[in-house]
Amino acid sequence: MAASVIAVAADSGHNFTKPPQNKITLIASLGVEGDAHCGRTVQHLSDKKKNPDAPNLRQVHLMHSELFDELAEKNILVLPGQMGENIVTRGVDLLALPQGTELHMGEAIIQVTGLRSPCYKLNTIHPGLLKAVVDKRADGSVNKKSGVMSIVVKGGTVKAGDAITVKFPSGEHLPLECV
């Protein structure tokens, strides 16, 4: 199966969910045009309180639609944009990508910076959703499945149906950590 964009979303307010859009425009070094998280410095409200001058490593939030399939098997219905993501993908194992991986989609290029740290607000979508996206492995480690964050390397338009090409970074592949 070829990797592709399934849906895109953006919201100018700091609301948890983002309404789906026909297309979004990514702006290099800033993020999604018109989205509350667009900016050179951190825009996430709790992170902004801690260090407002920190670089924005959370410009674009991506979610894999395979997670929606997994959740549906647990009778948890989640729609694109509901978990705050800007881009929903299919056919890319986002959580397994190393730091610095580039995703070419539509006219844009984004670079994966880390995992999204899930928060309690997920339970406002469905009771138990937070627990459903945080797996505890047998070895005691935790697998956070609520998508990845990225920065915009090259701006352009992205829309549902766009193909995604994955370009791995050269050198050592570092695993994703929460940003």
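These legends walk through several close-ups of one predicted model. Residue numbers start from 1 along each chain as its sequence is written, and side-chain values use heavy atoms, with hydrogens and water left out. Because this is a predicted model, local features need pLDDT of at least 70 and side-chain atom pairs count only at pLDDT 80 or more, while totals for chains, interfaces and linings use all residues.

**View 1**
Strands (E, at least two residues) and helices (H or I, at least four) are DSSP runs numbered from the N terminus, and two strands pair if DSSP finds at least two bridges between them. At the strand 2 end, strand 1 (residues 4-9) runs antiparallel to strand 2, and 2 bridges join them. To find that pairing on screen, look for Val-8, whose bridge partner in strand 2 is Gln-21.

**View 1. Strand 8 and its two partners.**
How many of the residues of strand 8 (residues 108-115) are buried? The count is 7 of 8, so strand 8 is mostly covered; buried means under 20% relative accessible area, exposed means over 50%, and partly exposed is in between (1.4 Å probe, protein chains only). Strand 7 pairs with strand 8 in the antiparallel sense over 4 bridges, and Leu-103 has Ile-110 in strand 8 as its bridge partner. These two strands make a hairpin with 2 residues between them, and Gly-106 in the turn has a positive phi of about 55°. Strand 8 is also joined to strand 11 (residues 148-154), this time by 6 bridges, and again the two run antiparallel. There, Ile-109 stands opposite Lys-154 of strand 11.

**View 2. Thr-101, tucked into a loop.**
Thr-101 belongs to the loop between strand 6 (87-90) and strand 7 (102-105). Is Thr-101 buried or exposed? At 0% relative accessibility, Thr-101 counts as buried. A polar atom of the Thr-101 side chain lies 2.7 Å from the backbone oxygen of Pro-98. That pair falls under the heading of polar contacts: N or O atoms within 3.5 Å where, within protein, one must be able to donate a hydrogen and the other to accept it, and residues adjacent in sequence count only if both atoms are side-chain atoms.

Another open sheet has 3 strands in the order 4-3-12, with antiparallel pairing. Strand 4 (31-32) and strand 12 (156-159) are the edge strands; each has a single partner strand, so one side of each is left without a neighbour in the sheet. Strand 3 (residues 23-27) and strand 4 are joined by 2 bridges, and Ile-27 pairs with Gly-31 of strand 4. In the loop between strand 3 and strand 4 you'll find Ser-29, which has a positive phi near 70° without being a glycine. Ser-29 is partly exposed, at 34% relative accessibility. Over in the loop between strand 12 and strand 13 is Asp-162, which counts as buried at 10% relative accessibility. The side chain of Asp-162 reaches the backbone nitrogen of Lys-159 at 2.9 Å.

**View 3. The largest pocket.**
The largest pocket has a volume of about 470 Å³. Of the 23 residues lining this pocket, the closest to its centre are Phe-16, His-37, His-44, Arg-58 and Arg-116. Helix 1 (residues 45-50) gives the most to the lining, with 4 residues. By type, the lining divides into 7 nonpolar, 10 polar and 6 charged residues. Nonpolar covers Ala, Val, Leu, Ile, Met, Phe, Trp, Tyr, Cys and Pro; charged covers Asp, Glu, Lys and Arg; the others, Gly among them, are polar. Grid points are joined across faces, edges and corners, and the volume is the space filled by probe spheres set on the points.

The structure holds 0 disulfides, a disulfide being a pair of cysteine sulfur atoms within 2.5 Å. Cys-119 is in no disulfide, and its nearest cysteine sulfur, from Cys-178, is 12 Å away. Cys-119 is partly exposed, at 26% relative accessible area. Cys-38 is partly exposed too, at 22%.

Definitions and conventions: 1 Å grid on protein atoms, 1.4 Å probe; cavity = no way out; pocket = protein on both sides within 12 Å on 5 of 7 lines; lining within 4 Å.
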